[in-house]
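Please keep the sequence and the structure in view while reading.

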Amino acid sequence: MIYLQLFWSFFQVSLFSVGGGYAALPLIQSQIVDLHGWLTMGEFTDLITIAEMTPGPIAINGATFVGIRCAGIPGAAIATLGYILPSCILVSVLALVYKKYRSLSLMRGVLASLRPAVVALIASAGLTVLREALFGGAALALENVDWLSAFCFAAAFLLIRFKKWNPILTMALCGVAYAAAHLVFPL
């Protein structure tokens, strides 16, 4: 039964997430945290971190991680297949349709109308992860803020956005800084 649930959950996520892996994160959260309870919100943010740091698309890495966590290697294969199957089918069909009708203004309008939805999905995922990182699932109150995480976030944002630092180097430095701070100031 778990194999069918894994396949169907990630099939749905893939089918309805337009815009790539980051846009799929709110849908993955809905399936694995809210609906099935396979992971807690804290584990979900860890999943995003691990999936982001490993090679490959974040949503496929996430499906593989959840599959392994729930049902071992077969679960990973089933969840990953569930995620990639709709994309393979849809991209094949859409390529044929686009090739035939790409010059129509209706086609350009449909594609343009999807952009704001993709931005909203990505922003939703980012805000969910930021909230979990800064508040750890606690109420949104100033006394619940993890100030070290807030500082690391602000520093990483400024370094990547304005100084154009390498994101991988920035993540590594933030991880080292966070670990060092906890060694010096244990909680």
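Which residue follows α2, and is its phi positive or negative? The residue is G37, and its phi is positive, near 70 degrees.

## Basis of the report

The model is predicted: local features need pLDDT of at least 70, side-chain atom pairs count only at pLDDT 80 or more, and totals for chains, interfaces and linings use all residues. Residues are numbered from 1 along each chain as its sequence is written, and side-chain values use heavy atoms, with hydrogens and water left out.

## The chain as a whole

The chain contains seven helices and zero strands; here helices (H or I, at least four residues) and strands (E, at least two) are DSSP runs, numbered from the N terminus. Along the principal axes, the C-alpha atoms of the chain fill a box of roughly 60 × 45 × 30 Å.

Of the 187 residues, 29% count as buried. Buried means under 20% relative accessible area, exposed over 50%, and partly exposed in between, with a 1.4 Å probe and protein chains only. The accessible surface comes to about 11700 Å², and 74% of this surface belongs to carbon and sulfur atoms; such areas come from the Shrake-Rupley method with a 1.4 Å probe, and for residues only the protein chains shown count as cover. Among contacts (heavy atoms within 4.5 Å) between residues at least 6 apart in sequence, 53% join residues at least 24 apart.

## Helix α2

Helix α2 covers residues 21-35, and its 15 residues reach 20 Å from the first C-alpha to the last, close to the 21 Å expected at 1.5 Å a residue. The expected span is 1.5 Å times one less than the number of residues. At L27, α2 bends by about 35 degrees, the bend being the angle between axes fitted to the seven residues ending there and the seven starting there.

Buried residues of α2 include G21, L25, P26, I28 and V33. The buried residues of this helix pack against α1 (2-16), α3 (41-53), α4 (58-101) and α5 (105-135).

## Helix α5

With 31 residues, α5 reaches 46 Å from its first C-alpha to its last, close to the 45 Å expected. Its buried residues are M107, V118, A125, E132, L134 and F135. They pack against α2, α3, α4 and α6 (147-161). G136 follows α5 and has a positive phi, near 60 degrees.

V13 is found in helix α1, and it counts as buried because its relative accessibility is 2%. Leaving aside neighbours within four places in sequence, V13 is in contact with A24, L27, I28, Q31 and Y83. V13 and L25 are twelve residues apart in sequence and 8.7 Å apart in space, C-alpha to C-alpha.

G62 lies in helix α4 and is buried, with a relative accessible area of 1%. Beyond its neighbours within four places in sequence, G62 is in contact with F10, L47 and A51. The C-alpha atoms of G62 and N144 are separated by 28 Å, with the two residues 82 apart along the chain.

## An exposed residue in a loop

K164 is in the loop between α6 and α7 (167-184). Its relative accessible area is 60%, so K164 is exposed. Although K164 is not a glycine, it has a positive phi of about 60 degrees. Most residues other than glycine have a negative phi.
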